[in-house]
Amino acid sequence: MPFRHIMRFIHLLRTLIRTCSIGFRAAVKTFTLSEDPTNALVAIKEEGESFSEALRRLTRGRRSLLDFAGDWKDFAEDQMSSYRSFLKAGDRLSKAKLRREFGRRQK
């Protein structure tokens, strides 16, 4: 008789452990990345942030413009003007290429 009670107790204990552990399991996937994407992710990851949190942050849906507020505040004025010139030159090249490909005249 005592053996039956011990076996029943062990069975109940195993069931309880299995039930409790199901609630605490998290889905884990393993990805293999080559060195350059790994280094890029390490560079982007913020201090104290896990790789999962960094990927979640980077892949979330549309971002608000407020997320970018203040990003250019420490950019030197001479660098900013050369950057604007670079963008304008690229814009002119893009428009010229579109005109060539589609035969449209500049208005």
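Salt bridges and a helix contact

Student: Why is R84 called partly exposed?
Tutor: In this predicted model, R84 has a relative accessible area of 41%.

Student: What makes E77 exposed?
Tutor: The cut-off for exposed is over 50%. E77 has 56% relative accessibility, so E77 counts as exposed.

Student: How do you know that R84 and E77 form a salt bridge?
Tutor: Their side chains meet at 3.7 Å, N to O. A salt bridge needs a side-chain nitrogen of Lys or Arg within 4 Å of a carboxyl oxygen of Asp or Glu, so the pair of R84 and E77 qualifies.

Student: How many salt bridges does a search of the whole structure find?
Tutor: It finds four. One of them joins R57 and E46, at 3.9 Å from N to O.

Student: Why is the pair of R57 and E46 said to tie parts together?
Tutor: R57 lies in helix α3, residues 51-59, while E46 is in the loop between α2 (35-44) and α3, so the pair links parts eleven residues apart in sequence. Both residues are partly exposed: R57 has 22% relative accessibility, and E46 has a relative accessible area of 44%.

Student: What makes the pair of K95 and D91 a salt bridge?
Tutor: The closest N and O atoms of K95 and D91 are 3.4 Å apart, and the cut-off is within 4 Å. Both residues lie in helix α4, residues 77-102, four residues apart, or about one turn of the helix. K95, at 45% relative accessibility, counts as partly exposed, and D91 does at 39%.

Student: Why are α2 and α3 called roughly perpendicular?
Tutor: The two helices pack at an angle of about 85°, with their axes 10 Å apart. Angles of 65 to 115 degrees count as roughly perpendicular, and α2 and α3 are therefore given that description.

Student: Which residues of α2 and α3 meet?
Tutor: L41, V42 and I44 in α2 meet F51, A54, L55, R57 and L58 in α3.

Note on methods. Residues are numbered from 1 along each chain as its sequence is written. This is a predicted model: local features need pLDDT of at least 70, side-chain atom pairs count only at pLDDT 80 or more; totals for chains, interfaces and linings use all residues. Side-chain values use heavy atoms; hydrogens and water are left out. Buried means under 20% relative accessible area, exposed over 50%, partly exposed in between (1.4 Å probe, protein chains only). Axes are lines fitted to C-alpha atoms, for helices over the stretch in contact, and angles run from 0 to 180 degrees between N-to-C directions. Angles under 35 degrees count as roughly parallel, over 145 as roughly antiparallel, 65 to 115 as roughly perpendicular and the rest as oblique. Contact means heavy atoms within 4.5 Å.
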